[in-house]
Amino acid sequence: MKILCFIDLLGSGGAQRQLVNLAIEFKNKGDDVSFIVYYPDKFYISKLAENNIEVELIHETNAIIRILKIRKYIRNGSFDVVISFLETPNLIAEIAGLPVKKWRLLVGERSSNPKISKSFSSKFLRYMHLFADAIIANSETNLAMVKRINPFLSARKCHTIYNMVDLEIWKPSDNYKARKNGKTNIIIVASHQYLKNSRNLIEALNLLSAVEKSLLTIKWFGGPSPDNSYYESKELISQYNLNHIIEFLPPMINIAEEMVVADCCALFSFYEGLPNTICEGMTLGKPIIATSVSDLPRIIDEGLGGYLCETGSPESIAGCIRKILFTSDEQLIAMGNYNRAKAGSLFNKEKIVNSYLRILQNA
């Protein structure tokens, strides 16, 4: 098959990582795969180049002209399949297929933002899915929201496929030692945005006792902030004198190297689709602390694989951190092993890729 993958940019985001990895797997199975993007960002360019996947950049500041150029590119490309991820690329891909198209169009839903059920523009974008051949969400929560907004979507077109993780790449280290520096080392992999809830995390850290603080380190790896959350968080960290506990670091393409030596993976977002960092943390055999959003209550078994907290409650977040701090080394490892086993059935690469291929062939 000749497959075109379409997304806004190739930055370090979770949707980008999933689509890039999916494209590489299609390529490895013998398909002709290429990308089209409309914002220049080179985070994943080298990875795609290593796999001989070409990228077409249509960098046009005028939105209408941009849509027309992308539409022309798709319609003239003789593609068998177009796969788009995220709201605006989905809309452009659906417009490109009007009035008729000769390719199969799969659109990927990646957000469980509760605002999409209240916003006219967000509702309109989901009604446009009537022109897609398949809608794939990465959580049951997200798909249920889409169906509520657009009840005219047929059940045959709607699917949930969890994020893909390569179990051979994302695997626990034989040399891992719990709390090797005498502290519980938590890693967060998330962009700096208000929705990632850094403020409530910092407020939670400030609620910990001096002894509890002395037992904890947090490394947050994330890209540039589209809002003021990064700067406000840095200021609050300094105000509470927490610089020795939490550190902000730039994103890493080989983030598994950092995650595999951590004791716990965490995420405190107000909402998510299905966060890669949680799927990958589980696959690496790490306990999880996360807010109870999206499908995480389905995935994280309380007390067995981690702890879930409330998004708007620093007290709840602090409580979960305390539980991890006073969990024994042996129990930390047991929780990680539990998650690794569960991730093997939920996020298996071959299972996920084959699910996409079945849908593409039958759409």
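Where does Asn 197 lie?

## Basis of the model

Asn 197 is found in the loop between strand 8 and helix 7, where helices (H or I, at least four residues) and strands (E, at least two) are DSSP runs, numbered from the N terminus. This is a predicted model, in which local features need pLDDT of at least 70 and side-chain atom pairs count only at pLDDT 80 or more, while totals for chains, interfaces and linings use all residues. Residues are numbered from 1 along each chain as its sequence is written, and side-chain values use heavy atoms, with hydrogens and water left out.

Seven strands make up an open sheet in the order 3-2-1-4-5-6-7, with parallel pairing, and two strands pair if DSSP finds at least two bridges between them. Strand 3 (54–57) and strand 7 (158–160) stand at the edges, each with a single partner strand, so one side of each is left without a neighbour in the sheet. From one strand to the next, the twist averages 20 degrees; for such angles, axes are lines fitted to C-alpha atoms, for helices over the stretch in contact, and the values run from 0 to 180 degrees between N-to-C directions.

Strand 6 (residues 134–137) and strand 7 are paired in the parallel sense over three bridges, and Ala 137 has Thr 160 in strand 7 as its bridge partner. Helix 6 (residues 140–149) packs on this sheet, touching strand 5 (104–109), strand 6 and strand 7, and its direction makes about 160 degrees with that of strand 7; contact here means heavy atoms within 4.5 Å.

Another open sheet is formed by six strands in the order 10-9-8-11-12-13, and its pairing is parallel. Strand 10 (246–249) and strand 13 (306–309) stand at its edges, each with a single partner strand, so one side of each is left without a neighbour in the sheet. The twist in this sheet averages 20 degrees from one strand to the next.

Strand 8 and strand 9 pair in the parallel sense over six bridges, and the bridge partner of Val 189 is Phe 221 in strand 9. Helix 7 (residues 198–207) packs on the sheet, touching strand 8, strand 9 and strand 10, with a direction that makes about 170 degrees with that of strand 9. Strand 9 also pairs with strand 10 in the parallel sense, over four bridges, and five of the six residues of strand 9 are buried, a term that means under 20% relative accessible area, with exposed over 50% and partly exposed in between (1.4 Å probe, protein chains only).

Asn 197 has a positive phi of about 70 degrees although it is not a glycine, and at 2% relative accessibility Asn 197 counts as buried. Ser 78, in the loop between helix 3 (63–75) and strand 4 (81–85), likewise has a positive phi, near 55 degrees, in a residue other than glycine, but at 60% relative accessibility Ser 78 counts as exposed.

A cis peptide bond joins Leu 98 and Pro 99, with omega at about 5 degrees, and Pro 99 is found in the loop between helix 4 (87–96) and strand 5.
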